[in-house]
Amino acid sequence: VVYVPYCDGSVFIGDTAIDYNGRITYHHGLQNLSAAITTLVEQFPNPSRVVVSGSSAGGYGTYSGYGVLRVALPSTEIIVFNDSGPGVQNKEATQDVQERLANWDFERLVPPSCVLCDDQYTFLTHWAMERDKDLRAALYTYQRDGVLRFFLDLSGPGFESLLLTSTDELKVLTGDRFARYFPKGSNHTVLMSNFLYEQTIDGTPLLDWLDAFLADDQDVWKDVIE
């Protein structure tokens, strides 16, 4: 296991330093991530498969995490489990969107050929799958996640609608290579929670669903939306 701590405030995509009212803040998430992957390759030079996973900001970081890792290990199978970082943003909160772009300086990292990324960054998953035949991705998010909707300036129903609409479209594009586990509620993240071992939706325990994801068992690893 290679653990990459989160400390720079830019969900592992920032590559800049910003003066916030006289306080210099280093949004060096991309550099931190790259340094960790350099260490990973040094310690584990020939992995048979890598699972990229993260929670919350780390969930959002799975997009850049996959990208940097794919460059570092061009022929290794990579799959992604994203816990509560669905790659969506509230486009109506225009000031928030523009501030993230300016302060984190990440737009140049989004491939111009990912035309759907102009709508939502969650479509980076589809862009990557078109270029990586082995990539599969699992996404876990509470349908009215209270932390995410706070940061996105959305109501519970507003976040739920954005989440489902965006990932419904992603599911159509990616088919059985992408699956969601979406419980009702407003909690945030699951990997560091007892719910990882206890949660069940419609007879499918989350832990069994994750095991099936790792094994590519399509009978169990499929959309589970409460």
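Start with helices H1 and H2, which are oblique to each other because angles under 35 degrees count as roughly parallel, over 145 as roughly antiparallel, 65 to 115 as roughly perpendicular and the rest as oblique. This is a predicted model, in which local features need pLDDT of at least 70, side-chain atom pairs count only at pLDDT 80 or more, and totals for chains, interfaces and linings use all residues. Residues are numbered from 1 along each chain as its sequence is written, and side-chain values use heavy atoms, with hydrogens and water left out.

**The helix pair**

Select residues 29-43 for H1 and 57-72 for H2. Helices (H or I, at least four residues) and strands (E, at least two) are DSSP runs, numbered from the N terminus. The two helices pack at an angle of about 40 degrees, with their axes 10 Å apart. Axes are lines fitted to C-alpha atoms, for helices over the stretch in contact, and angles run from 0 to 180 degrees between N-to-C directions.

Next, show the side chains at the contact (heavy atoms within 4.5 Å). H1 contributes Leu30, Leu33, Ser34, Ile37, Leu40 and Val41, and H2 contributes Ser64, Gly65, Val68, Leu69 and Ala72.

**The sheet**

Now select the five strands of the open sheet, in the order E3-E4-E5-E6-E9, with parallel pairing. Two strands pair if DSSP finds at least two bridges between them. E3 (49-55) and E9 (224-225) stand at the edges with a single partner strand each, so one side of each has no neighbour in the sheet.

Move across from E3. Seven bridges join E3 to E4; for one of them, select glycine 54 and its partner in E4, asparagine 82. E4 (residues 77-83) is joined to E5 by four bridges, and aspartate 83 has tyrosine 140 as its bridge partner in E5. Four bridges also link E5 with E6 (residues 178-182), where arginine 180 is the partner of leucine 139.

Stay on E5, residues 137-140. In a regular strand the side chains alternate between the two faces of the sheet. Here Ala137 and Leu139 point one way, Ala138 and Tyr140 the other, and all are buried. Buried means under 20% relative accessible area, exposed over 50%, partly exposed in between (1.4 Å probe, protein chains only).

**Glycine 9**

Last, select glycine 9, in the segment before strand E1 (16-20). Glycine 9 is partly exposed, with a relative accessible area of 34%. Leaving aside neighbours within four places in sequence, glycine 9 is in contact with His27 and Trp104. Threonine 25 is 16 residues from glycine 9 in sequence and 9.0 Å away in space, C-alpha to C-alpha.
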